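Trainee: Could you take me through one part of this protein closely, starting with how its strands are arranged and then moving to the aromatic rings and the annotated site? I would like one connected account that I can follow on the screen.

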Amino acid sequence: MDTKKSILIVVLVGLLATSFYLANFSKDYKSLGKQLKVSHLIYNPDKPLPPFSLVDHNNNQFDNSSLKGQWNLVLFIYTHCPDVCPTELFDMSRLKQLIIKDKKITAPRVVAITFDPLRDTPEVMKKYITNFDKEFIGVSGEQAQIDKLIKPFGTYYERVIYDEDGKPVILKASDKLPESALKNGYVINHTAWVYLLNPEGQIFAGFPSPHKPSAMAKDIERIVNF
């Protein structure tokens, strides 16, 4: 191939790349952000999720590719949670029904990832998650993989165990959980945002708690139709 042809190909590839960039990233995200009532636009195309490998509640592999091809609502939970997590999942069930009833967009899939894979095995997740909706997906796996995945979401959690006198002791996510904790029990303090991921598997928007399904449905419609 001669030099002129090589330069021409490079120029064409450059033009195609520029056209793709302008088509996909010239949207007025600032304007969209102002229209949102209960969510925050946190989309950054330059920061994809890190590679991760987990398992869904049917023991199928769940990784980055599993979050592509459709809009997903992702939340982080644990099944021993006494109040926040069941409330979140109940709200997601109501949100799904509102979107289906409205018939303007396809309801995003709901994916709940556990903070607590030691107790929340795929079998436990399946029994728990499907109580809220048969189509919700529960995800478990290795703690290290989960900890890696939650970082770009800005999600935080800490475990609370109890000493011999019954006093609470806070353990950070990186602290080793004592063997006695499983027998004695522990709770997890955590953030409770719900995240909307686009069909490319990237974080697009976040919904802080408390969640309002009706208002969330309208924001999701604005985003999906943007």
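Mentor: In this predicted model, eight strands make up an open sheet with mixed pairing, and their order is 1-11-10-4-5-6-2-3. Strand 1 and strand 3 (61-63) are the edge strands, each pairing on one side only. Within this sheet, strand 10 (residues 194-197) and strand 11 (residues 203-207) run antiparallel and are joined by four bridges, and Leu196 has Ala205 in strand 11 as its bridge partner. Helix 4 (residues 122-129) packs on the sheet, where it touches strand 2, strand 4, strand 5 (109-114) and strand 6 (137-140), and its direction makes about 155° with that of strand 6. Helix 7 (residues 213-224), for its part, lies across strand 4, strand 10 and strand 11, and runs at about 160° to strand 11.

There is also an open sheet of three strands, in the order 8-7-9, with antiparallel pairing. Its edge strands are strand 8 (168-172) and strand 9, each of which pairs on one side only, and the twist from one strand to the next averages 30°. Five bridges hold strand 7 and strand 8 in their antiparallel pairing, with Ile170 of strand 8 as the bridge partner of Val160.

Cys81 is found in the loop between strand 4 and helix 3 (84-102), and counts as buried because its relative accessibility is 8%, under the 20% limit. His190 has a relative accessible area of 18%, so by that limit of 20% it is buried too. Leaving aside residues up to four places away in sequence, Cys81 touches Pro86 and His190. With its own neighbours within four places set aside, His190 is in contact with Phe76, Tyr78, Cys81, Val84, Cys85, Glu88, Phe115, Tyr156 and Tyr157.

In one of them, the ring centres of Tyr29 and Tyr43 are 5.6 Å apart with their planes at 55°, so the pair is tilted. Tyr29 belongs to helix 2 (residues 29-35) and Tyr43 to the loop between strand 1 (40-41) and strand 2 (53-56), so this pair ties together parts that are 14 residues apart in sequence. Tyr43 itself counts as buried, at 18% relative accessibility.

Phe76 and Phe153 form an edge-to-face pair, with 5.1 Å from centre to centre and 75° between the planes. This pair links distant parts of the chain, as Phe76 is in strand 4 (residues 72-77) and Phe153 is in the loop between helix 5 (143-150) and strand 7 (157-162), 77 residues apart. Phe76 is buried at a relative accessible area of 1%, and Phe153 counts as buried at 7% relative accessibility. A ring also takes part in a contact with a charge: the charged end of Arg119 sits over the ring of Tyr186, 3.5 Å from its centre.

Notes
Residues numbered from 1 in each chain as written. Predicted model: local features only at pLDDT ≥ 70, side-chain atom pairs only at ≥ 80, totals over all residues. Heavy atoms only, no water. Phe/Tyr/Trp six-rings, centres within 6.5 Å; stacked < 30°, edge-to-face > 60°. Helix = DSSP H or I, 4+ residues; strand = E, 2+ residues; numbered from the N terminus. Buried < 20%, exposed > 50% of the residue type's maximum accessible area, 1.4 Å probe, protein only. Lys NZ or Arg CZ within 6 Å of the ring centre and 35° of its normal. Contact = heavy atoms within 4.5 Å. Pairing = 2+ DSSP bridges. Axes fitted to C-alpha atoms, helices over the stretch in contact; angles between N-to-C directions.
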